[in-house]
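Visitor: Could you take me on a close look at a single part of this protein? I would like to follow one side chain and see what lies around it.

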Amino acid sequence: ATVAQRTGRRPTITSGLRTAMAQAEAMLSKVSRGENLHALYRDDGLISELMRLPRNASAWAAVLERRPVSDHQSGRAFDVRTRDRSAAEVNTMKAIAAELRGSGLIESDHLHVAAPK
């Protein structure tokens with residue numbers, strides 16, 4: 001509601017709570033687009049471990065089930081589409097996340113919003 005009030009448009013949520021399998025699929029999609037997982041996730045050791053595995057969701061999900069890598073896996077994060085938003089609107093959404101003591105991080109085509117720790 002706050003985003004709609006301040007930007008004039010409702011946000012489009014593209015992802016929320018994820019299983020380990022859904023997280024693995026999302027990460028493998030990033031790898032296939034050439035994104036650097038080390039730049040996106042804090043646990044470098046875990047990312048290195050995943051990158052040594054076969055590039056399939058089942059193998060990665062088995063690891064992510066034991067060692068969650070994203071706040072999506074606990075329901076503490078969601079993604080908001082940005083491709084149809086102006087820079088000012090995206091900055092407003094990031095500011096709202098910060099005002100709520102959360103974080104907003106731009107990732108390729110979306111804003112990743114995480115709840116405060």
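Guide: Let us start with a pair: the side chains of histidine 112 and aspartate 79 are joined by a polar contact of 3.2 Å. A polar contact is a pair of N or O atoms within 3.5 Å, where one must be able to donate a hydrogen and the other to accept it, and residues adjacent in sequence count only if both atoms are side-chain atoms. Please keep in mind that this is a predicted model, in which local features need pLDDT of at least 70 and side-chain atom pairs 80 or more, while totals for chains, interfaces and linings use all residues. Numbering runs from 1 along each chain as its sequence is written, and side-chain values use heavy atoms, with hydrogens and water left out.

Histidine 112 sits in strand E4 (strands, of at least two residues, and helices, H or I, of at least four, are DSSP runs numbered from the N terminus). Because its relative accessibility is 11%, histidine 112 counts as buried (under 20%; exposed is over 50%, partly exposed in between, with a 1.4 Å probe and protein chains only). Beyond its neighbours within four places in sequence, histidine 112 is in contact (heavy atoms within 4.5 Å) with Ser70, His72, Ala77, Phe78, Asp79, Ser103, Gly104, Leu105 and Glu107.

Now look at the largest pocket. Histidine 112 belongs to its lining of 29 residues, and His72, Asp79, Glu107, His110 and His112 lie nearest the centre. A pocket is an open set of points on a 1 Å grid over the protein atoms alone, where a 1.4 Å probe fits, with protein on both sides within 12 Å along at least five of seven lines; lining residues have an atom within 4 Å of a point. This pocket holds about 530 Å³ of space, the volume being what probe spheres fill when set on points joined across faces, edges and corners. Strands E1 (13–15), E2 (77–81), E3 (103–107) and E4 (110–114), along with helix H2 (20–32), each supply at least two lining residues. The lining has 12 charged residues, 9 polar and 8 nonpolar. Here Ala, Val, Leu, Ile, Met, Phe, Trp, Tyr, Cys and Pro count as nonpolar, Asp, Glu, Lys and Arg as charged, and the others, Gly among them, as polar.

The second largest pocket has a volume of about 290 Å³. It is lined by 20 residues, with Val3, Phe78, Ile96, Leu100 and Val113 closest to its centre.
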